[in-house]
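Dear colleague,

I am passing on the structure below, and after it you will find a short account of what turned up. Please keep it open while you read.

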Amino acid sequence: MDTTSSAPSFTPSVEVVAAGAAPAVHLSGLTKHFGSVRAVDGLDLVVQPGEVVAFLGPNGAGKTSTIDVLLGLSQPTGGTVSICGTTPRAAVANGWVSAVMQTGGLLKDLTVGETVELTASLFPRTQPVDVVLRRAGIADIADRRVAKCSGGQQQRLRFAMALLPDPRLLVLDEPTTGMDVEGRRAFWAAIRDDAGRGRTVLFATHYLEEADAYADRIVLVAGGRVVADGTAAEVKALSTGRTVRATWPGVRPEDLAAVPGVDDVQVTGDTVLVRASDSDAVARFLLTRSPARDVEITSRGLEDAFIALTTPTTTTATTTTTTTEDAR
Amino acid sequence: MTTTLQRPAGTEVPRAVLNPTYLRLDVRRVLRNRRTVVFTLVMPVAFYFAFGVSQETGADRAYAMLSFAVYGAMVAATSVGASVAVERAGGWSRQLRLTPLRPVTYVATKVVAAAVVAVVPVAVQLLLGAVTGARAPVRAWVVGGVLAWLGSLVFAAFGLAMGYLLPSENTMQVLGPVLALFAMLGGLFVPLDFFSPTLQTVASFTPAYGVGVLAHHVLTGSGAVLGAVVNVVAWTVVFVAASALLFRRDTQRV
């Protein structure tokens, strides 16, 4: 499903950008294998300057592997990677891309201020230390040892460090994992305030609500591929669709293609499973113009839709798996 | 897009091999770590009080003073080198890879930090010797102190290599006993004359032997200087090569 071209909410920010500017992120056919495991399996992604993109997917979807590649921390197995029109390593060296990692990356015996000062000394040119401390909301704890900071404070420290080179692209890998509600809110307030200045932001998350609240565009990944790509509103609309199930011996997916509002058709034996935004139209079609029987309409919860979209096998298989796991 | 962002005039940093800010903060960080301070300062001082002050002659006290100066310096240098293990375990090395920092700058800063920190136990030991009646010609103090300090840099490379080899937060707990063994075989705790001839031969191939002989040489006028120099150079080459090899393996694996 590619809804990128029709997505209105992020198109304006693309137009603001001067013509010919290189995409902030351009991944094409990206693969990353670890032995026989295909962590990333043919992933395509283009992020234009100024976009705030959520990289959404369950654990093990390939989010971190993709981020490692686009930051130059690991080499892709195949495909091409271009960050701000150059290689990841060159983009890092130029201070064009920086990242807030999930955990680690801090020295416990340093203070907050010293950590930022040290990081600043590694770049040829940076924003002043006090400016980034203030912008990350940690100016008041500059003298505190990192070991004594809460998870949320440490995360805002990582954010301050990432702001130092004034990067074009800011990458956040599951930035709020392990934070309490208050810390999460303060962290996102700082990010949102910063993104308002026109910075490109790509953040990985497995929280649907977080993607919904803070991104212009959601890229849903599963099994190392992009399975959905659209605005928050569009993905939300997808999530609130309904499923129509019916028994129809000899059914082919093409039989339902003409029905309005059909998003996806899956056939398993004599059973057809239709995901649709207009379930009434599908039911009417099935009952009046087809030999189908046993028609069931079920509404899909937010989480159901997320699981359905991000599971590489068929929807039927997903349901079975979920049921089995619940039964244990 | 960058034009919409404010880019205030920041600080320009020359791309020198050594990063003074990193050096200053790294040294401060080491001295802030209580465990490191205990191992590099408190323990050698305690050893000197236990085994050095009780010596009968001022010359013997000076001998013990230089021994424990070497010991303190080698522990200090190893600690700083081995701190890369903590930095790797804690993801700091990975964080550094998101900056333009060059590996050569990182390693050079570590080695210089080790040298700076190693000055402290040597200075403390010489001062302590002076106030507890160690007697030696001025030349023996100066040359002995400087060689104890410089020779300990072999152990900065040793610490680095071990830091890349052992993926642990507790590298120094492993290396502490190893260093004590090296110090023993290097004749720093007991003069080598007390060892059997066979053990003396074996000892002369261990990493602390060369530094120990060189630091004591001006005081005692004895010891095979050439052999000691060969020992120091050989171990430096071994540890630097091991560090380089393990460093390369580390950055490839990520």
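Helices here are DSSP runs of H or I with at least four residues, and strands are runs of E with at least two, numbered from the N terminus. Just after helix 8 of chain B, B:Gly187 takes a positive phi of about 75 degrees. This is a predicted model, in which local features need pLDDT of at least 70 and side-chain atom pairs count only at pLDDT 80 or more, while totals for chains, interfaces and linings use all residues. Residues are numbered from 1 along each chain as its sequence is written, chains are lettered from A and ligands numbered from 1 in the order in which they are written, and side-chain values use heavy atoms, without hydrogens and water.

Within helix 8 of chain B, several residues are buried, among them B:Met172, B:Leu175 and B:Phe182, where buried means under 20% relative accessible area, exposed over 50% and partly exposed in between (1.4 Å probe, protein chains only).

In chain B, B:Arg29 pairs with B:Asp26 at 3.0 Å, N to O, and the two lie three residues apart in helix 1 (residues 20–32). B:Arg29 is buried at 8% relative accessibility, and B:Asp26 is buried at 2%.

Best wishes

Technical notes: Salt bridge = Lys/Arg side-chain N within 4 Å of Asp/Glu carboxyl O.
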